[in-house]
Amino acid sequence: MTITLDRPTTETAPVPAAEAQPATGGLTIFLSSGDLEKVWASLILSTTAAALGKPVTIFFTFWGLFPLVRNEKGITGQVWMQKMLSVMNRGGTSHLPLSKLNFMGAGPAMMRSLAKSHQVASPEELLEMAKDLGVKLVPCQMTMDLMGLAREDLIDGIEEPAGAATALAAAEGATTLFI
Amino acid sequence: MTTFTITRTLDLKGFACPIPIVRTAQAMKELGPGDVVEVLATDAGSVKDFAAWSKTTGNPLVEQTQEGGVFRFLLMKKGDVK
């Protein structure tokens with residue numbers, strides 16, 4: 001089967017690049033979950049939306065902030081409760097639990113193994129692609145303070161920490177998801 | 001039938017959603033208006049996805065064929081050709 005369309009005529013005004021004018025509104029995700037499957041889905045939607053030329057912002061808040069913690073970070077926090085929290089809920093994309101069938105981390109390991117054999121991109125790969133495609137990754141300042149996470153505990157290539165007003169401003173006129 | 005000069009070929013056979021779309025968008029960034037990317041994919045969802053991608057970005061899907069389980073898309077970068 002061959003479908004051939006005529007080469008389009010160049011009647012349009014000069015457009016420097018496809019990414020210069022988003023065809024439709026953007027996508028803003030409020031990621032409040034640190035569950036592997038929800039972080040994964042958020043990254044798939046974000047990279048795809050960016051590939052469609054949309055401006056994309058992910059606001060990482062509460063448990064959703066933890067995927068932005070550096071994988072090699074062990075204990076974080078200033079006070080004992082924050083330190084305890086970082087042990088019970090270790091940050092970084094490598095340590096994300098599944099919301100069900102987690103089995104102390106065996107579930108995520110099996111899920112990643114399945115994903116690899118089906119050539120589904122990992123959260124780590126998607127995060128890099130998201131950065132490359134200009135997805136704005138915004139950590140929630142309040143969550144950082146609450147959980148005792150410093151800027152240097154978080155990965156590179158993300159936006160400056162900000163608050164709800166910044167997130168809501170990014171959501172103006174965009175498709176908005178709270179995950 | 002118009003013949004297109006292919007600027008770049010992306011072999012994305014085997015890769016699952018959203019890799020075919022994302023890699024294509026990344027490659028498109030480096031190309032100029034009128035350049036044509038040939039994408040080879042086996043993801044069954046890519047047929048609908050490339051149609052949606054083309055519609056949303058405005059980069060025309062100029063040709064689409066299928067051979068065995070491999071889908072072949074020719075996508076042109078939009079804009080004025082110099």
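Residues are numbered from 1 along each chain as its sequence is written, while chains are lettered from A and ligands numbered from 1 in the order in which they are written. Because the model is predicted, local features need pLDDT of at least 70 and side-chain atom pairs count only at pLDDT 80 or more, whereas totals for chains, interfaces and linings use all residues. The predictor assigns the complex an ipTM of 0.81 and a pTM of 0.83. For chain B the average pLDDT is 92, and 98% of the residues score at least 70. Here pLDDT is the predictor's confidence in each residue, from 0 to 100.

Chain A contains 6 helices and 5 strands. Helices (H or I, at least four residues) and strands (E, at least two) are DSSP runs, numbered from the N terminus. Along the sequence, chain A reads β-β-α-β-α-α-α-β-α-α-β. Of its 179 residues, 36% count as buried. A residue is buried if 20 or more other C-beta atoms lie within 10 Å of its own, exposed if 12 or fewer, and partly exposed in between; C-beta atoms are placed from the backbone. Among the contacts in chain A with a separation of 6 or more, 71% join residues 24 or more positions apart. A contact requires C-beta atoms, placed from the backbone, to lie within 7 Å.

In chain A, 4 strands form an open sheet. Their order is S4-S3-S2-S5, and the pairing is parallel. Strand S4 (136-139) and strand S5 (175-178) of chain A stand at the edges. Each has a single partner strand, so one side of each lacks a neighbour in the sheet. On average, neighbouring strands of this sheet are turned by 15° against each other, direction ignored. Two strands pair if DSSP finds at least two bridges between them. Strands of a sheet pair through backbone hydrogen bonds, either parallel or antiparallel.

Strand S2 (residues 27-31) and strand S3 (residues 56-60) of chain A pair in the parallel sense over 5 bridges. Thr28(A) has Thr57(A) of S3(A) as its bridge partner. Leu31(A) is bridged to Phe60(A) of S3(A). Helix H1 (residues 36-51) of chain A packs on the sheet and touches S2 and S3 of chain A. The direction of H1 makes about 165° with that of S2(A). Helix H6 (residues 164-171) of chain A also packs on the sheet, touching S2, S3, S4 and S5 of chain A. For H6 the angle to the direction of S2(A) is about 145°. Axes are lines fitted to C-alpha atoms, for helices over the stretch in contact, and angles run from 0 to 180 degrees between N-to-C directions.

S2(A) is mostly covered, with 5 of its 5 residues buried. In a regular strand the side chains alternate between the two faces of the sheet. Both faces of S2(A) are covered. Leu27(A), Ile29(A) and Leu31(A) are buried on one side, and Thr28(A) and Phe30(A) on the other.

Helix H3 (residues 106-117) of chain A lies largely in the open, because the number buried among its 12 residues is 1. At 1.5 Å a residue, H3(A) should span 16 Å. The expected span is 1.5 Å times one less than the number of residues. The end C-alpha atoms of H3(A) are 17 Å apart, which agrees.

Two loop residues of chain A with positive phi are described next. Leu101(A) is found in the loop between helix H2 (80-88) and H3 of chain A. Its phi is near 55°, a positive value in a residue other than glycine. Leu101(A) is exposed, with 11 other C-beta atoms within 10 Å. Gln119(A) follows H3(A) and belongs to the loop between H3 and helix H4 (123-132) of chain A. Gln119(A) is not a glycine, yet has a positive phi of about 55°. With 14 other C-beta atoms within 10 Å, Gln119(A) is partly exposed.

Chain B has 2 helices and 4 strands, in the pattern β-α-β-α-β-β. The radius of gyration of chain B, taken over C-alpha atoms, is 12 Å, close to the 12 Å that the globule rule gives for 82 residues, so chain B is as compact as a globular protein of that length. The globule rule is 2.2 Å times the number of residues to the power 0.38. The C-alpha trace of chain B spans about 35 × 25 × 20 Å along its principal axes. Of the 82 residues of chain B, 40% count as buried. The peptide bond from Cys17(B) to Pro18(B) is cis, with omega near 5°. Pro18(B) lies in the loop between strand S1 (8-12) and helix H1 (19-29) of chain B.

Methods. Two residues are in contact if their C-beta atoms, placed from the backbone, lie within 7 Å.
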